[in-house]
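Reader: I've got a model open on my screen and I'd like to talk it through. Could you walk me around it?

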Amino acid sequence: MTTELQHSRRQFLKITATVGGGMMLGFSWLKPYGEADSSLWEGADIITDFIELNGYLKIAPDATGKGSLITILSPNPEVGQNVKTSMPMIVAEELGVNWKDVVVEQAPLNTAVFKRQVAGGSQSIRQTWATLRNAGATAKHLLVEAAAQQWGVPASECEASGSFVKHGPSDRRASYGSLAAAAAKLTPPAPEAVKLKDPSEFTLIGTSQMNVDMEGILTGKPIFGLDQKVPGMLYSTALRPPAFGQKLKSYDDKAARAVNGVKDVFKFGSDNKIAVVATSTWAAIKGKKALQAVWENEGTLESTASQTEAMRQKLDEPAAQPKRNDGDVKAAFATADKVIERVYEAPYLPHNPMEPGNFFANVTADKVELSGPAQAPERFRGEVAKLLGRDESTVTIGLTRMGGGFGRRLRGDFVLEAAEISSIAKAPVQHVYTREDDMTAGIYRPACMYKFRAAIKGGQLVGYHLTGAGMSLENTVRENFFPAGAIENCLMESHNVPSKVTIGPWRAPVTNFLASAEQSFFDEIAEALGEDPVQFRIELFERAKTNPVGKFEYDAEKSIGVIKLAAEKANWGKAPAGIHQGFSTYFSHNSYVAEVAEVKMEGRKPVVKRVVCAVDCGIVINPVAAISQCEGGVIDGIGHAMYGDFSFENGKPQQENFNKFRLIRMGEQPAVEVHFVKSNNDPTGLGEPTLPPAGGAVANAFYKATGERVYVQPMVKAVKGLG
Amino acid sequence: MAKYNITVNGKKHKVEADPDTPLLWVLRDNLGLYGTKYGCGIGECGTCTIHYNGNAMRSCSMTVADVGESAITTIEGLSTDASHPLQQAWREHDVPQCGYCQAGQIMSAAALLANTPNPDDEEIDAAMYSNICRCGTYNYIKAAIKTAAGKM
C-alpha cells in the first residue's frame, strides 16, 4: 500500500476512475478546486518520479520549464481541526512556494520520519511548528545551493520564493522542479546553517486558505474511513456486553447465520464479544441484530443515581494527598467573615463523532495492514502488535480523514476489534460500529462533581478550597491552573470513584466541565464581594503577577490580555436593554481564552444570542479555519453544557442514539465572534481551548437573565424555560 | 435477495439486495456512491440525506424496495462539475471542519432552496434542524445557504 503513495495526482485520478468507488488505501484526496494550477500536469506524461528532498516534501521534475508541482505530506491525523491544510502551509511558507503549486498528501503512520502523529491535546501545530518550518527551510536551502552551483554564483546572492530560485545580478531564475534532482544529491545543511523566516516575512502563514479536502467533501468522494473498499473485503460488526459489568455467557447464532450475506459468526475479544462477518454492511448489521446472546453479571451493576451518590460522599472527605496546598486553608476558612460553598455536577458524555467507529484491517501471515480514522495511530500499532503477537514492524497504518473524533479515536478499541476479526476471518474487513455501538460500547467523558469553597475576609478572597470527585478519573482538578498562584491559601483535592464504565479523553479533558463550574463560582464570589466579574478576574490575575503563590502554568499577563479584549469587543457592562451578559475565562492547551455570552429572554426562554470570544494562541496559521475552530469549540461547549445528558441503569447506557441523546442543532447556536490577540509568539493549541469557558459564560448570563444560578449540567434539566 | 432497477443521479442501475436493505447501504456498498454517509441509521442526524423526487429524504430510513420508479439524487449527482451554487458557497465560506455531515447538509439545503429560493432565518433553521453538525459549523452553513440563495 505504501508504494501507492509514490503515485502522482494524475495517476491518482486514473486509479480512482478505474476503481469507481472504493478509496485506495493510504491515499489522500487532493487539492482544492480552483486552487491547484492544473496546467502543470494536464497533457503531461504521468509523473512517477517525484523527487523527495526530505520526508515532508517531494517535488516533481520540471522538464518543460512550466513550473513546479510540489507534494507536501501532512503528518498528523486530520480530525476536522484543519491540520491537513495548516501543517503543510507551514512547510510551504518556509519552502517559498506558491500555495497553488502544492498538492497535500496525508502521510501514513511513519515514525521513522514523523514525531507525535497524534490528533489530541490541541498539540499538532504547537509541537511540530519548528520541525515543519525546518523541513521547508532545509529544502529551500538545498534548492538555492543547487541553483548557485549550476550558475557558479554564491548562494548568498540568490533568493528563493514563489517556487523559483532567482539570481538578481545575472537576472536568472530556475524553477524548484528543474533544481530538485540536483538538490536531492547535495548534503543536507547543518541545522544551524538553515535560516528561518522572521514572522514579519510570512506571506502564506496568516492568510486564509481553503480546506485542502474541500473538493472531496463537496462532491462525496471516498475520503473517510467508512468509505474504504478493497477487492474481496468483507464487513464486520460486533455484539458486545449491553451493560458495563456483564460478560458473555452463551449465544445462539442460528438466526444470524441465516441472514443473507452473513459469512461467519464467532466469539472474540477474550470470548466476550461476538463478531458477524458479512458481504455487505447491512448484512453485518442485520446478522448482529439476529444474534441471541445470554449475558451474566459480574458483581454489582452501576446506575447514575448510585454513581452520583458515591461522588457526593467523596466531596465531604479529605483526599489522602492534596493536589495543591498553599498557605493555611484551614485557618483562612476558620477566620473568614463569610464562606461560600457550592456543588456542581455533570454527567458522563459520549463523544458522538458523526462518523461512527470503524477501521479497515487486513491481517495476513506476514503483515497487518490497517487503515482508518485514528487519533493515536502509533499507540494503536503497538496495541495491535501485542494483541496479535506480531512484530510492530509488520504493522502499517494508513490514515483517513476522520468524521470527527473529540477524543473518541484516541482509544483504539475499534482498531483492535478490526484486526482481531480480520485475523480470525482471514480476510480484509471493514469493521463497522453502528451508532448504537458507538454510543453504548463506551468510552466516555467521566461524570464529575465539584465542591468549591471560598473564604472571604475584609472584602477579599483569602481562601479557596476545591474538591473534585470523578468516575474512574485520576485527577479531577488542574492544580497548576488559575486560581493557583493568585490566592494565598489554596487547597485542591481530588477523588477517584472506581467504576466499571470505561472512560477516555473527551475534547478538553477535565477542563470541559471544571472550567464551567469554576467560572460560575467566581461569578458568585465577585457578586458576594460587590465587584464587577471582569474587574474581579483582572485583580486576581494581577495578584498572580505581582505576588505569585507557588508554581503555576499560565502567564497572568496573557490572561489579562484576553479578558480585556473580550470585554472591549463585547462592550462589557454596556449591553443594550434586554441583553444579559455573562463572563468566563480559561487557559488550557497553552492558549488563553475569554468569552462573553449574551442571553436574551424570549418569552420565558433564555436564549444565547451571541458569544464574543478573545483568544491568544500565538501566531494564527490559517485564520479562516482558526476562527471556525474557535467558533466550533464554543458551540460544542454550549451544546453539551445545555443538552448533553447520559445515564446508566444497571450498567446499561440509557441513551443509544440521537433520538435520546440531544446534540445542539441548527437554530440553537449563538452567533460567535472571534478575536485573536495579535502575536508573534509560536502558535499554541486551538482545537480545544475555546470549549472550557463556554459553559460558564452561558451559566453566568443565564443568572443575569433569570436570577437563578446553574449548578447542574445539562442545564436544560435545571434552567426553567430552556427546553 | 431480490433484483431492483433504480435510477440514481439520472442513471439506471440494476442492484441485487434484500428488500429491507436501506437505500443508504445500496448506494454505498452496491453502487460505490460513498458521498451519502451513515450517521445514525434512524433518520435523526441527516448525514444520509438524498433527494427522492426532489425532496430531501433520509436514505437510512427508506428501503431499496421503496424506491420504485422514483428519481434518486445523491451528492455525487447534485451537479456534474461541483458548480451548484451551494457547493460554490460552501467553498466561499470554507464551511466544513471534519466534513462528514456536509454532503447531507448540502442536500437538505438544496431541497430547501429548490422550494424556497430566498429562505429567511427561521425557514433555514426549520429545514436544517434535522442535520446535525457535531463540529458546530451551523453559522457557516447558514451563511453559505444565504450566499447560494442569491445565486440560484
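Author: Happy to; one term to start with: domain bounds here come from an automatic or database domain assignment. This is a predicted model, where local features need pLDDT of at least 70, side-chain atom pairs count only at pLDDT 80 or more, and totals for chains, interfaces and linings use all residues. Residues are numbered from 1 along each chain as its sequence is written, while chains are lettered from A and ligands numbered from 1 in the order in which they are written.

Reader: How far apart do the C-alpha centres of domain 1 and domain 2 of chain B lie?

Author: In chain B, the assignment gives domain 1 as 2-74 and domain 2 as 85-149. Between their C-alpha centres the distance is 21 Å.

Reader: Which strand brings the largest share of the side of domain 1 of chain B that touches domain 2 of chain B?

Author: Contact means C-beta atoms, placed from the backbone, within 7 Å, and 13 residues of domain 1 of chain B take part with eleven of domain 2 of chain B. Strands are DSSP runs (E, at least two residues), numbered from the N terminus; β3 (49-52) and β4 (55-58) of chain B each supply at least two residues of the domain 1 side. The largest share, three residues, comes from β3(B).

Reader: Over in chain A, at what angle do helix α3 and helix α4 pack?

Author: Helices are DSSP runs too (H or I, at least four residues), and here they are α3 (residues 124-151) and α4 (residues 176-185) of chain A, with axes 8 Å apart. Axes are lines fitted to C-alpha atoms, for helices over the stretch in contact, and angles run from 0 to 180 degrees between N-to-C directions. The angle between α3(A) and α4(A) is about 90°.

Conventions. Contact = placed C-beta atoms within 7 Å.
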